[in-house]
Amino acid sequence: MSTLQHPATGPAQPATVTEATTTLRDGRAGAGRASRKTKQPVDGRKPKRSGLLTAVMIVFVVYSFAPLFYLLVNSTKTQSSLLSTFGLWFGGDFNLWQNIVDTLTYNDGIFLQWFGNTLLYVVVGAGGATLLATVAGYGMAKFQFPGRRAVFAVVLGAIAVPGTALAVPTFLLFSQVGLTNTPWAIILPSLISPFGMYLIWTYAVDAIPAELLEAARMDGAGEFRIFFTIALRLLAPGVVTVLLFAVVATWNNYFLPLIMLSDPKWYPLTVGLNQWNAQATGSGAQPIYNLVVTGSLLTIIPIVVAFLFLQRFWQSGLAAGSVKA
């Protein structure tokens with residue numbers, strides 16, 4: 001009789017290590033076969049695949065990556081080959097490294113100065129907008145105060161107003177106080193992010209349990225300590241989302257710097273590259289299309305790197321609510 005079986009009379013006999021291991025292995029194998037069987041359709045048919053949806057996705061991918069491929073390909077061409085060869089394929093000599101050097105050194109390295117200006121506007125403007133939106137959204141979600149609904153209505157109304165509609169009034173206001181043609185003319189408007197505040201607000205309602213805040217208060221923690229040590233960690237996916245939106249909006253900001261700045265030394269990359277592109281028209285034209293294309297390629301690299309680095313916070317946020325207690 002096997003040692004795993006209990007006789008009808010007498011005390012139970014312990015199972016040996018070998019038999020227990022074999023039984024455990026057989027159980028896991030059976031569970032694996034059962035799980036594989038559950039993945040099969042009940043009626044035995046293969047899952048249907050939509051050819052139309054696949055074609056739509058292929059068109060969407062091509063549409064999304066075609067501009068990037070165009071920049072990469074044409075950044076390897078000289079000025080002459082850029083205008084004489086097919087735009088979506090390589091042609092002539094491989095001139096990428098020389099184009100990069102020429103872009104960084106053209107006009108006494110003005111591209112690097114524009115790059116530094118853009119970083120300044122992004123770090124101070126987008127970073128400040130994210131911080132203010134996080135603090136305000138958390139406060140709106142977790143504190144009750146008179147006029148809360150009125151603030152909610154104002155925030156929704158501010159989201160509906162496009163930024164270009166506020167550019168001219170902002171210019172008139174800043175010109176009265178003498179802030180035009182200064183970095184503050186770009187930084188101060190960038191600090192306001194109604195959409196970011198609304199996003200943090202709606203995210204904080206469910207992401208931060210009220211019981212957790214009450215427990216921290218009962219332990220003697222102040223509101224600032226609760227926010228920076230507890231709430232901010234729970235809000236990380238939402239904060240990263242708002243940060244990326246703010247960074248992209250500030251990095252690609254064109255119309256506001258165009259009307260606010262007249263000195264090229266304060267230009268961001270968007271306005272500076274457009275100025276290079278304008279050199280191809282008018283009297284005494286000096287086209288530098290190869291530098292414009294190469295500069296555009298260098299401009300998008302930081303955004304791509306930031307997205308790839310911060311996307312793990314999105315993934316953790318999506319998985320956080322997938323398991324219920």
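Angles under 35 degrees count as roughly parallel, over 145 as roughly antiparallel, 65 to 115 as roughly perpendicular and the rest as oblique. The model used here is a predicted one.

**Exercise 1.** Determine how α4 and α8 are oriented to each other, and list the residues that make the contact.

Solution. Begin with the geometry: helix α4, residues 96-142, and helix α8, residues 194-207, pack with their axes 7 Å apart and at an angle of about 45 degrees. The two helices α4 and α8 are therefore oblique to each other. As for handedness, the crossing in which α4 passes α8 is right-handed. On the α4 side the contact is made by A133, T134, A136, G137, Y138, M140, A141 and K142, and on the α8 side by G196, M197, I200, W201, A204 and V205. Sorted by class, this contact of α4 with α8 comprises 10 nonpolar, 3 polar and 1 charged residues.

**Exercise 2.** Describe the packing of α5 with α8 by angle, axis distance, handedness and residue class.

Solution. Helix α5, which covers residues 148-160, packs with α8 at an angle of about 130 degrees, and the axes are 8 Å apart. It follows from the angle that α5 and α8 are oblique to each other. The crossing, in which α5 passes α8, is left-handed. The residues that make the contact are R148, V151, F152, V155, L156, A158 and I159 of α5, together with P194, F195, M197, Y198 and W201 of α8. Divided by class, the contact of α5 with α8 has 11 nonpolar residues, no polar ones and 1 charged. Comparing the two lists, one finds M197 and W201 of α8 in the contact with α4 and again in the contact with α5.

**Exercise 3.** Work out how α4 packs with α11, and which residues take part.

Solution. The angle between α4 and helix α11, residues 236-251, is about 145 degrees, with the axes 9 Å apart. The crossing of this pair, α4 and α11, is right-handed. From α4 the contact draws on F115, T118, L119, Y121, V122, A126, T130, A133 and T134, while α11 contributes V239, V242, L243, A246, V247, T250 and W251.

**Exercise 4.** Where does α4 bend, and how far apart are its end C-alpha atoms?

Solution. Start from the span: α4 has 47 residues, yet its end C-alpha atoms are only 53 Å apart, which is short of the 69 Å that a straight helix would reach at 1.5 Å a residue. Next, locate the bend, which is about 115 degrees at D108. Finally, consider the backbone of N107, a residue found in helix α4, whose phi is positive, near 55 degrees, although N107 is not a glycine.

**Exercise 5.** Which residues does Q79 contact beyond its neighbours within four places in sequence?

Solution. Q79 lies in helix α3, residues 79-84. Its contacts, leaving aside those neighbours, are P287, I288, Y289 and N290. The C-alpha atoms of Q79 and P287 are separated by 8.4 Å, while the two residues are 208 residues apart along the chain.

Definitions and conventions:
Residues are numbered from 1 along each chain as its sequence is written. This is a predicted model: local features need pLDDT of at least 70, side-chain atom pairs count only at pLDDT 80 or more; totals for chains, interfaces and linings use all residues. Side-chain values use heavy atoms; hydrogens and water are left out. Axes are lines fitted to C-alpha atoms, for helices over the stretch in contact, and angles run from 0 to 180 degrees between N-to-C directions. Helices (H or I, at least four residues) and strands (E, at least two) are DSSP runs, numbered from the N terminus. A crossing is left-handed if the near helix is turned anticlockwise from the far one by less than a right angle, and right-handed if clockwise. Contact means heavy atoms within 4.5 Å. Ala, Val, Leu, Ile, Met, Phe, Trp, Tyr, Cys and Pro count as nonpolar, Asp, Glu, Lys and Arg as charged, and the others, Gly among them, as polar. The expected span of a helix is 1.5 Å times one less than its number of residues. The bend at a residue is the angle between axes fitted to the seven residues ending there and the seven starting there.
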